[in-house]
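Thank you for making time for this today.

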Amino acid sequence: MSTEQSQLQDYMRLPAEVLYREELEALRREDTGRIPAGWQMSPRSVLTFIAGGKAGKTVITPKYIGNTRLIEMAVATLVTDRALLLIGEPGTAKSWLSENLAAAIYGNSGLVVQGTAGTSEEHVRYSWNYAMLLANGPTPEALVKSPIMRAMEDGGIARFEEISRCASEVQDALISILSEKTISVPELGKETSARKGFSIIATANTRDRGVNEMSAALKRRFNIIVLPAPSDLETELSIVKKRVAEIASSYELQASVPADEALLKVVTIFRELRSGMTLDKKEKVKTPAGVISTAEAISLLTNSMALAASFGSGELTDGDLAAGLQGAIVKDDDKDKLVWKEYLDNVMKKKGADWRGLYQACKEMNE
């Protein structure tokens, strides 16, 4: 193992362009397609990076498992001067897809504005180093460029996470940027114009509708793609299995990867609680107040592995899964506890002998 590889293992999370460096290099090396201005590879190679495939002898792992046509639409949007807005339920891989698109196209996924109630217009446009501003007045050296301004100067991709969590005036600061492709700095009597390749990938959570609804004017500046929850059990199982294995390897969890049977049970529970219906469509179930997403299932399983590694034999038990399920589902105190109790007694208890151990462990945790 090289010194660089050893150092990289010390980090909890690596950006996509570092984590998948070998794949990106292979794709660039084998790329024979037309590469748009400002891009590092052709649109077809970007699609291969996201959806999976091969570049020469290098296997490209899929980063997003789902409808390939949606990825094609996203990539095609970024070829033009339109910005991209990814919308979906929590846990539908919006941020993950945004990060990997930026890594493949621009080679840097780190130019990010994180949308919160505290995000200001300065985060979108620019701000000042106030010590330098007071000492020397407005100068180029005192200017603190936003991630969006830096992307404009370099012809790169900026990411705007959870845009609907920002106040309307912050969202509206984007309108002129997306329309004119410039940011004016009147204090310096200059403006920054975007180089070819510049774009913005924004994400929005459908659970946040009504928090700060995006204006029609801003929505018109985006091509909008809705990312659905996994359409079927097999697809969700594939996603969960892949990500759990990757995260467990990254954290070097000293526990066995969950067996297919355990994965199936967790994903089945999540799909039934999320949809309000058993998989066989024979019985309705109440849904908890919290988010029951694919991402939550992945987190539950990795946390259960950590529990087994730290306080058990390293083999995932029904008790480990039950502890994870309790924490993932019961988030709204008494209401969620009642929903979970009814699911246990009315659904899980009837699933047969293979489920009996998990049912008993869950029952004990929820008492």
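Let me start with a term that I will need several times: a residue is called buried when its relative accessible area is under 20%, exposed when over 50%, and partly exposed in between, using a 1.4 Å probe and protein chains only. What we have here is a predicted model, in which local features need pLDDT of at least 70 and side-chain atom pairs count only at pLDDT 80 or more, while totals for chains, interfaces and linings use all residues. Residues are numbered from 1 along each chain as its sequence is written, and side-chain values use heavy atoms, with hydrogens and water left out.

With that in place, take Asn205, which at 12% relative accessibility counts as buried. Asn205 lies in strand β10, residues 199-205, where helices (H or I, at least four residues) and strands (E, at least two) are DSSP runs numbered from the N terminus. Counting as contact any heavy atoms within 4.5 Å, and leaving out residues up to four places away in sequence, Asn205 touches Gly88, Glu89, Pro90, Lys94, Glu162 and Ser164.

Let me turn to the cores, where a nonpolar core is a set of buried Ala, Val, Leu, Ile, Met, Phe, Trp, Tyr and Cys residues joined through side-chain atoms within 4.5 Å. The largest one has 66 residues, and the members that touch the most others are Leu101, Ile148, Phe160, Ile163, Leu174 and Phe222. Helix α6, residues 94-106, gives the largest share of this core, with eight residues.

Finally, I would like to look at how some helices pack, with axes taken as lines fitted to C-alpha atoms, for helices over the stretch in contact, and angles running from 0 to 180 degrees between N-to-C directions. The axes of helix α15 (residues 318-329) and helix α17 (residues 356-365) come within 8 Å and cross at roughly 50 degrees. That makes α15 oblique to α17, because angles under 35 degrees count as roughly parallel, over 145 as roughly antiparallel, 65 to 115 as roughly perpendicular, and the rest as oblique. On the α15 side the meeting residues include Leu321, Ala322 and Leu325, and on the α17 side they include Leu358, Ala361 and Met365.

Helix α14, residues 294-311, also packs against α15, with axes that come within 9 Å and cross at roughly 140 degrees, which makes α14 oblique to α15. Among the residues that meet there are Leu300, Leu301 and Leu307 in α14, and Leu321, Leu325 and Ala328 in α15.

The last pair is helix α12 (residues 233-251) and helix α13 (residues 260-275), which pack at an angle of about 125 degrees with their axes 10 Å apart, so that α12 is oblique to α13. Their contact includes Leu233, Leu237 and Lys241 of α12, together with Leu263, Val267 and Arg271 of α13.
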